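Here is a note for a colleague who is opening this structure for the first time.

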Amino acid sequence: MTSVPSATKGTLRVAVLASGNGSNLQALLDRIAAGHVQAKVVLVVSDKPDAPALARARRAQVPAVVALPKEPGEKAATYDARLLALLQAEKPDLVVLAGYMRIVGPAIVRAFAGRLVNVHPALLPAFKGLAAVRQAHEAGVAEAGCSTHLVTDDLDGGPVLLQAGLKVRPQETLESLQARILALEHLVLPRTVQLFAEGRVAADGRIAPHPPSTWKARQDLDLVSGAWYSEGF
Ligand code: GRF
């Protein structure tokens with residue numbers, strides 16, 4: 001998929017928070033550019049000023065790209081108030097946490113209840129928190145994957161929206177498993193955004209059936225070999 005300016009396409013206004021590489025942000029921008037997601041990314045914020053995610057956003061001509069590092073000694077609630085003001089100024093319909101490594105505080109969770117989404121590299125409710133793929137790998141699970149979920153005050157505990165999974169290979173390394181799960185995230189996160197664009201996600205996370213979907217067939221999914229995906233095509 002090509003990376004053409006995508007910020008002007010679509011109607012759903014999306015803000016993305018990312019701390020790192022931003023490959024999930026890129027996957028979303030690419031799916032928007034390809035016409036698979038009817039959204040526009042209006043704001044990208046990173047708490048890490050040197051995060052590659054910011055460069056990706058600038059390259060895609062996202063209109064507002066902001067580095068928002070925490071000030072030394074700044075309280076979490078004060079930082080969150082600054083972040084909330086930034087978000088509210090752009091009036092997003094949806095806020096996406098795509099590899100955002102800070103806990104989003106209650107003021108933001110409340111302001112965007114039902115429209116704040118996280119992508120997590122585990123089949124929730126299993127393996128919440130940090131290093132989720134490592135947790136799954138060390139536990140020796142037969143199946144692993146990723147989830148998108150609504151963000152609530154319960155860390156990684158809000159209603160699950162979509163999941164995709166795969167069978168762990170015999171003797172699979174952690175690095176291999178991480179890469180294969182990340183590839184699934186790149187499908188599941190954009191697809192989740194499209195469900196919001198279609199107005200199909202209820203405030204409690206339930207997804208309305210019978211999609212008037214832009215992705216009609218399994219062939220559109222780019223699934224890695226042996227993977228499964230939870231939406232009924
Ligand atoms: C993803 O695995 C995400 O689930 C986790 O951090 C990783 C971020 O990857 N929270 P990227 O920055 O989108 O490339």
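1. Helices here are DSSP runs of H or I with at least four residues, strands are runs of E with at least two, and both are numbered from the N terminus. Counted in this way, the protein has six helices and eight strands. Please keep in mind that this is a predicted model.

2. Along the sequence the pattern reads β-α-β-α-β-α-β-α-β-α-β-β-α-β. The protein has 233 residues, and 48% of them are buried.

3. Which residues surround the ligand? The shell is made up of Gly20, Asn21, Gly22, Ser23, Asn24, Gly99, Val119, Pro121, Leu182 and Glu185. Sorted by class, this shell has three nonpolar residues, six polar residues and one charged residue.

4. Helix 1, residues 23-33, supplies at least two residues of the shell around the ligand, and so does helix 6, residues 174-197. As for the pockets, the ligand takes up the space of the largest pocket.

5. A backbone N or O atom of Asn24 is 2.9 Å from an oxygen atom of the ligand. For Val119, a polar backbone atom lies 3.3 Å from a ligand oxygen. For Asn21, the separation between a polar backbone atom and an oxygen atom of the ligand is 3.4 Å. On its own the ligand would expose 370 Å², of which the protein buries 80%.

6. Where is Ser46 found, and is Ser46 buried or exposed? Ser46 belongs to strand 2, which covers residues 39-46. Ser46 counts as buried because its relative accessibility is 0%, and the cut-off for buried is under 20%. The side chain of Ser46 has two polar contacts to list. One reaches the backbone oxygen of Ala18 at 2.7 Å. In the other, a polar atom of the Ser46 side chain lies 3.0 Å from the backbone nitrogen of Lys48.

7. Most residues other than glycine have a negative phi, and most peptide bonds are trans. The peptide bond from Leu124 to Pro125 is cis, with omega near 15°. Pro125 is placed in the loop between strand 5 (116-120) and helix 5 (132-139).

8. The loop between strand 5 and helix 5 also holds Ala131. Ala131 is not a glycine, yet its phi is positive, at about 50°. Its relative accessible area is 47%, so Ala131 is partly exposed.

9. Gln61 is another residue with a positive phi, about 60°, although it is not a glycine. Where is Gln61 found? Gln61 is in the loop between helix 2 (52-59) and strand 3 (64-67). With a relative accessible area of 51%, Gln61 is exposed, because the class begins over 50%. Gln61 and Val41 are 20 residues apart along the chain, and their C-alpha atoms are separated by 9.3 Å.

10. Arg82 is found in helix 3, which covers residues 76-90. Arg82 is partly exposed because its relative accessible area is 29%. The C-alpha atom of Arg82 is separated by 8.6 Å from that of Leu68, 14 residues apart along the chain.

11. How far apart along the chain are His186 and Leu25? They are 161 residues apart along the chain, and 8.5 Å separates their C-alpha atoms. His186 is placed in helix 6. At a relative accessible area of 23%, His186 is partly exposed.

Note on methods:
Residues numbered from 1 in each chain as written. Predicted model: local features only at pLDDT ≥ 70, side-chain atom pairs only at ≥ 80, totals over all residues. Heavy atoms only, no water. Near = heavy atom within 4 Å. Polar contact = N/O pair within 3.5 Å; in protein donor to acceptor, adjacent residues only side chain to side chain. Areas by Shrake-Rupley, 256 points an atom, 1.4 Å probe, with all protein chains shown as cover. 1 Å grid on protein atoms, 1.4 Å probe; cavity = no way out; pocket = protein on both sides within 12 Å on 5 of 7 lines; lining within 4 Å. Sits in = over half its atoms within 2 Å of the grid points. Nonpolar A, V, L, I, M, F, W, Y, C, P; charged D, E, K, R; others polar. Buried < 20%, exposed > 50% of the residue type's maximum accessible area, 1.4 Å probe, protein only.
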